[in-house]
Amino acid sequence: MRKLVWLRRFSQVVFTGIFIYVLWSTTYPLKGSLSPQVLFKVDPLIMFMTALSERVLLPGLLFALAMVLLTLLFGRFFCGWVCPLGAFIDGAGALQSRRRKDLPPAARQKFRVPKFYLLGGIVLLALAGIQAAWVFDPIVTVARVISLNLIPAVTWAVDKFFQTLIQNFGLYGGVYDVYRSLKEGLLGVNVHFFANSLATFVFFLALCFAAFWVLRLWCRMLCPLGAWYALNAKPALLQRRVTACTSCGKCVRRCRMGAIDKGTAYDKGECILCMDCVYDCPEKSTSFSFRKAKMP
């Protein structure tokens with residue numbers, strides 16, 4: 001049983017659910033118990049680039065620093081276990097057959113580079129007083145889709161559903177009581193449709209379904225937050241350990257991040273701890289531990 005993989009998927013669902021709840025419960029005129037600022041305070045790219053561009057020390061920097069320290073300990077766990085965009089991309093990628101071969105080794109190396117240039121550009125713009133992190137950050141991207149697309153669409157659809165039941169089918173009584181209760185809560189959100197809502201949704205779909213071409217393409221190639229965590233994860237204490245490799249190449253072909261170059265060699269900065277290689281290994285000799293990994 002793939003216990004760690006299922007645990008990772010459960011973690012992705014839970015954190016994505018929390019993400020949606022925080023945004024939904026704080027949408028006007030509702031008041032949530034958690035501020036949506038929490039979602040961005042744990043994002044080092046947003047917090048540090050905002051502080052740098054505005055030349056101020058933000059209170060949330062401590063939360064962002066905590067995420068950096070956790071990455072130094074566990075590696076790039078955020079991308080594989082927490083990030084809501086990563087969860088949606090994995091969901092789209094699950095529709096693709098895992099038998100499909102990954103990119104050739106040389107192409108995998110090249111695919112890792114652009115995100116570092118993008119991160120470097122964002123840093124340079126921040127030094128110049130221009131905040132560009134909000135344009136490309138994955139947390140902000142999902143927040144836009146939830147706020148501009150998901151919440152208005154679900155609210156409108158549920159509202160129309162109950163109106164149809166009540167007006168066209170004459171269902172009152174309990175149905176109306178449920179509808180009235182929802183109007184005071186879920187449907188109490190003021191729905192607004194913005195001109196850029198479609199563009200936001202199309203961009204989000206493009207990021208997700210790029211996984212049909214290359215698994216986790218956005219995370220591998222373009223995500224600036226992923227680049228930040230990749231740099232932080234290089235010296236991480238948690239490491240992949242292979243004790244008896246037969247060089248079958250199965251883990252290399254099926255790694256969703258293209259992080260494994262050979263059976264025992266891998267790029268720690270690209271590994272998102274998906275744990276697939278632990279269960280894909282026919283020898284059952286792959287694990288992750290804080291002990292020093294065996295050198296290839």
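## A nonpolar surface patch

L4, L7, F10, V14, F15, I18, L34 and V38 make up a nonpolar patch on the surface, with about 660 Å² of accessible area together. Patch residues have over 30% relative accessible area and no salt bridge, and nonpolar side chains (Val, Leu, Ile, Met, Phe, Trp, Tyr) are joined within 5 Å. A salt bridge means a side-chain nitrogen of Lys or Arg within 4 Å of a carboxyl oxygen of Asp or Glu. Areas come from the Shrake-Rupley method with a 1.4 Å probe, and for residues only the protein chains shown count as cover.

Helix α1 (residues 3-25) supplies the largest share of the patch, six residues. V38 sits in helix α2 (residues 37-41); helices are DSSP runs (H or I) of at least four residues, and strands (E) of at least two, numbered from the N terminus.

## About the model

This is a predicted model, where local features need pLDDT of at least 70 and side-chain atom pairs count only at pLDDT 80 or more, while totals for chains, interfaces and linings use all residues. Residues are numbered from 1 along each chain as its sequence is written, and side-chain values use heavy atoms, leaving out hydrogens and water.

## Charges over rings

R9 lies over the face of W6, 4.8 Å from the ring centre, and the charged end of R240 sits over the ring of Y266, 6.0 Å from its centre. The rule asks for NZ of Lys or CZ of Arg within 6 Å of the ring centre and within 35 degrees of the ring normal.

Methods. Patches are made of residues with over 30% relative accessible area and no salt bridge: like charges are joined within 9 Å, nonpolar side chains (Val, Leu, Ile, Met, Phe, Trp, Tyr) within 5 Å.
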